[in-house]
Amino acid sequence: MSPAGSNGQEMITLTLNGREVQAQPGQTILEVARGEGVDIPTLCYDTRLEAYGACRMCLVEVEGARGPMAACGTKVTAGMKVETHTPKIAKLRKFVLELLLTNHPLDCPVCEAAGECRLQDYAYEYLVDMTPWGWRPPSQQGPGDHPNIAHYGSRCILCGRCVRICREVMSIGCWGYLNRGYDSEVDTPYRLPLQEVGCVSCGQCVSTCPVGAIAGQRTPQGARAWQTTQTATTCSYCADGCRLMVHSFRDKVVRVASQEQKGVNGGNLCIKGRFAHQYTEAADRVTTPKVAGADATWDAALKAAAEKIAAIKQANGGQAVAALLGTNVTNETAYLAQKLMRTVVGSNSVDSIDHADSLAVEKALIDTLGTDAITNSRYDLAEAGAILVLGANLSDSDPVLALTVVEALRANTPVIVVDPRRTELAGKAKYHLAVKPGADLAVLRAMMRHILDLKLQDAAFIAADTTGFAALEESLAGVDVAAEAAIAGVDAALLKAAAVDFAQAAAAAVFIGPGIDQGTQGYWTAGAAVSLALLTGNVGRPGSGIYAVKAGANSQGLIDMGVRPDQVPGARLADSDAVAKLEAAWGSDLTSVAAGVNAAELVSAIESGSIKALYVIGADPALALPDDARTRAALAKLECLMVQDSFPTDTAASAGVFLASAVAFEDEGSFTNGERFVQRVRSAAPVAGSSMQDWAIVQKLANALGADWVYTGPADVMREISELNADYRGITYAKIDEAKVQVPCVADDCDGTPILLTRDGKDCAFMPAQPAEVSPGAAYTLLTGSVKEHHATGVRTRRSSGSTGLVADARLEVNPADAAGLGIAEGGKVRVSAGVAWVEVEAAVTDRVPAGCVFLPGFSAAAPAARLLAAGGHPQVSVAKI
Amino acid sequence: MPKLDSGAALESFRQSLQAAQEAQRPCVTICSGTGCHASRSDKVNAAFVEQLQAQGLADKVDIKRTGCHGFCELGTIVAILPQEVTYLQVKPEDVAEVVTTTLVEGGVVERLVYHDAVIGAIPREDDIPFYKPQTPLVFGQNRYIDPCDIDSYIVKGGYAALAKALFSMSPDEVLNEVKASELRGRGGGGFPTGAKWKTTKEAADPVKYVVVNADEGDPGAFMDRSLLEGNPHRVIEGLIIGAYAIGAHQGYVYVRQEYPIAVDNLTVALQQAREYGLLGDSVLGSGFSFDIAIHRGAGAFVSGESSALMAAIEGHVGEPRPKYVRTAVSGIYGHPTNLNNVETWATVPLIIENGSEWFRGIGTEGSKGTKIFSLVGKVKNTGLVEVPMGIPLRQVVFDIGGGIPKDRKFKAVQTGGPSGGVIPEKMIDVRVDFDDLSAAGSMMGSGGLIVMDEDTCMVDTARYYLNFLSEESCGKCVPCREGIYQMLGLLTAMCEGTSQPGDIERLEEISGVVKDFSLCALGTTAPNPVLSTLAHFRDEYEAHVNEKRCPAGVCKPLVNYYIDPDKCRACMLCFKECPAAAITGARREIHIIDQSKCTKCGACFDVCPSRYNAVARLSGVPVPEPVAAGTPVSPRKGGDDE
């Protein structure tokens, strides 16, 4: 899965169709041929899978071989002479196709795959006579009742790609073979519905099926591949940054597909990326600006907004205005928004909504490593000899990045999951340390103590590249491994074994997820995780590194663009040289702007009256921030609330001005994914109604406030970003059109920076390991997080049938023992209360959640988990049957 | 149980066993191989236990249940030692007489010994013509050994080769000895065993495996079964020697679930070998550790293919994978794995014990040693035979096999199982070795020899094999899964009289695709039964397609039975025998077959007395109109009516 590039080995020469070509040792004939533009046909081959050799379409003639060789699996050798399209081979391929057609339904007119069906293409290309061997069409089967995935067994050509992708890539195994020989079939175990065999609705089987046997369910707006406009763009949900191929027809998005070998996902997608796109057509989508809840013209809306802001600025100064951005706001919009706030409004209170959750982790990482970005990427995870996953439910929050960890799991790399819940990864990992909520620190302290006891630390690295080791040692001096394990509620022997595996790995990676920040000690926990990595020399090398996973599609880009009160594009606000440069470029005085408030401080700042106006772009603080009653009250108190969104969010309910914006499929610009890859967002459909793209709205608002911005489009904005942000200096749309580039990309000829903190003498700082503070809970500890079907507060996924068809609303996960005690049955209604706040939800009885804990995902509007959360900490809740 | 911790300990234990044996103590050996098992050898055994008790010989005579002797046609075989009197087709009711006559009185029960048309009674087993041309090197010990008693193997010299390898040869020397012997794999491919071992030995991975392929699946073949059932320790010994040479510490025996006795006996043998210190940590105290696990196959022919077999051992579906990297380099769990057939492993101890030079002295230039065949089909003496490589096929069929029953005419021999081909009569003098059989258009295979007589239809034979292969194709690759199905369809049409002109050419065409494009050897060799029968018996195919005629009269839809009114004597035999009540007739009335009721079972044809020969089997010609019902039989010329 590593990006193409020389592996340093000497090239070998072979002859391909009479032409001498160069190849890397280890490449297959197929890889070499495709690289040379020679199209060898395949049906059972997928770059994501191991070569299978079943379809026999890729057979080629190799001089001296006993018979035709399968190009998909045969490695090239020096001097090899390969002929890919001899008359004999063509005849044999034609035969194979004719044989496949003997029992194919030939229902092409109603088949989803028509137009992008390999069987159809090759049958035509190889001059197949319809069915010279007779035709025994199987009886029509399908499509089954899965909301997203249709299975037409009668069209199956038994290439096994679905079976293999579900097993090899997803590590699940929903599909398998039934019967043998001519009677072989692909189906689920015992022909159960997909929903009952562990299917996560990722649609990987859909993406790999070369015919129409497994496809997306047909919809009324269905259109053929040749009828649709296809646009490559970047997914706007999580921080994985998957490349999508969006099919639109008659100006509407009808289908989302992926492309093998393209993008960081290489063709893999999850349920949200592939199926949750119907929100663009949601019935309640707002495509007209509004003032005080009534439809308005753009001029009227912008005028109303500008007047309010101007008035507040006049009365209270620019610092009384704050802006809050959602995580799928593009770099270009984010750049303009913070420029608007800093230079036009005069406020540093510009932040992203996810910062409220990531505050502690970001600060800990900056204090220790000087960067909160993911230091490496999925591409060198294959070199990790151990992976620690701390408080991150990757399979649900980052489903495609998680596949890289799954790949490592399958290669027997020890994976250590520290999580109270038995998450999908925890169920497959070598170690699941089912820690008590909030006791992650105890696990990390015990691991470090054990590593020191066994003298497994990387002393040379510690001496040369770190500071603060003595303080760490001191903080661990009296620590007893067994006692810490007991505090964590984890088996000490298991913990020790995990620590040894981690320390002895040639390289080890650490994932830090939002789970740790739900405790009060998020800062110290993240710091301890960094210390563990430093202790074992695990930064700055392939396979090592800190992966502090980000919440949304452009979480990293927002930081890079300066969407932080204490940060400007490419620099800390405290960096006076950088600020001076920006002041010169912007013609604006930044140093006189007061310090801003961040997302976590916002509500109290409104309550105290220091913030009087709020500009929200693509975020829903009413549901996202803890204690929703308090947040809603604060929002209502604002003198001016401007919401720029495509939907009537809970936040928009109290908005004075609503600015109707394009959804991501209608937008242009770029996202910087969690691993710092800058990728294009391209418009796949025209902007609905009178909505506008976000960047354009920000520019109009700025100009309404007296600026004279004349950006011609997002590309123009990106030009300015690259001029002013040193980390983006080498980024242009042309460069990132296809290539995968990680920032910092500091010059035109720079290919990006795959690994941060390479050992250039920079010091990384240890953080003393604080003791864990575990408060004994009287009732149930509430855990929250994501489910793979929904994103964040669910503004878009709750409006997408691809998600709601499977998970319509949040359910409270309750351990069977607790459920029995409370008399709760599967699907029974329960009331979850924290203080005076409560939500009512259905219960899901599962041992994924430990006894004493309950889990409520955060996407629901009807039962917002945020309502039960105080700022920080795992709240204690009571649960009662209704 | 002694734990043998050195070569010397093994030798002294063997000597103590030999010393304890009373040379003249009588012993009843009862063949308990699969053939004799089917002939109720267990009841014969029970009868001997009972009779020895009844006649007061229980503590004077031993009973030993041995492995297969090979002469399955005439089981149950009972050999009385030390006289070496061998009784055939022994039934439980014969036992009392055998005990009295032979064990008490020292005589011979004449009616139970082999009778040759020329020589007369032959009491000694080795003198029987079936055995005389054989060279039972690998198989020969079977009849003296109780497979469930390791001592009976050790007393006959068992595990001496292992001791020799471990204590007087380096692994390289063992490997070189096997290489020098020019032993070729007995499973079918005939790949040089030493070269295969070398590949695995030299693979960089320190974890290596050795595997016994006992997934014997060819129709009619049971060589490996009889070896595993009858002499499991020889296979185990060969495997340990191989593991020592290659550097493997774990072995597997992949054996079909359908071989329950083999599994049972092997399980006992492995347990006993472990208890004796011949398996496990430090084999015989040599420091070399090795153990063997049994993996039972779930009944798939294709799992005999190496990569499919290894997938099955890993717990996956037994499907072959393309062998871009050979299993010798990347096999079980990706580790180098050396797979050999049962017979190959069983041959190894002989080579180590007697030397490669001795082994090379047997056989032909390209094929050394002996080969075990299962001789079945239309032949008088069916059973297992072990012959030196290079023996003419005619000798196997006619001298050992005794020729064709009922004096029918020999037609062909199918060799090599479903992947092999037929050797027609004109080539019956071909030498049986790897290269000559290949040159003759067939192959050695694992050693199945199916003899066919004039009543065998070659189109039907091909259809039979393709049906087998169609059922056994795993379904992974397109040419095998779909192509065999199409071939079977064409062949079935030929046998059922629905084929079209040009079908032979279509059959040939599709055979080419399946042969060239299939993934594993099951597919690439699947057309062989068709191609080889077409090569030698194309006229039969043409008769089926063009004339809708089955020359052998086997294909029912192409055959009709008709009673010749001129020959029918109204004897009513066919009338009584017809299971479909399709024959009408009465005394002195000409019998008539109602073609609409006739199921073509041929019972009428078989029972019609040869002196009348009134029932005719017609194929490719219209059935004449029957005479009117009630037509009286015509008076016989010469008037000798019954």
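## Domain layout of chain B

The C-alpha centres of domain 1 and domain 5 of chain B are 44 Å apart. This is a predicted model. The domain assignment of chain B places domain 1 at 25-132 and domain 2 at 150-360. Domain 3 covers 370-453, domain 4 covers 458-546 and domain 5 covers 558-619.

## Extent of the interface

Chain B contacts chain A through 29 residues of its own, which meet 33 residues of chain A. The two chains bury about 2,700 Å² between them. Carbon and sulfur atoms give 62% of that area. On the chain B side, B:Tyr324, B:Arg481 and B:Phe517 lose the most area to chain A. Together these three make up 26% of what that side buries.

## Polar links

Between chain B and chain A, 12 residue pairs are in polar contact, both residues being at pLDDT 80 or more. Two salt bridges cross the interface. One of them joins A:Arg180 to B:Glu472. Their closest N and O atoms are 3.1 Å apart.

## What chain B brings to the contact

Which helices of chain B each supply at least two residues to the side that touches chain A? They are α17 (458-472), α18 (478-496) and α19 (503-517). Of the elements on that side, α18(B) gives the most, with eight residues.

By residue class, the side of chain B that touches chain A holds 13 nonpolar, seven polar and nine charged residues.

Key
Residues numbered from 1 in each chain as written. Chains lettered and ligands numbered in written order. Predicted model: local features only at pLDDT ≥ 70, side-chain atom pairs only at ≥ 80, totals over all residues. Heavy atoms only, no water. Contact = heavy atoms within 4.5 Å. Buried area = accessible area lost by both parts, 1.4 Å probe. Salt bridge = Lys/Arg side-chain N within 4 Å of Asp/Glu carboxyl O. Polar contact = N/O pair within 3.5 Å; in protein donor to acceptor, adjacent residues only side chain to side chain. Helix = DSSP H or I, 4+ residues; strand = E, 2+ residues; numbered from the N terminus. Nonpolar A, V, L, I, M, F, W, Y, C, P; charged D, E, K, R; others polar. Domains from an automatic or database assignment.
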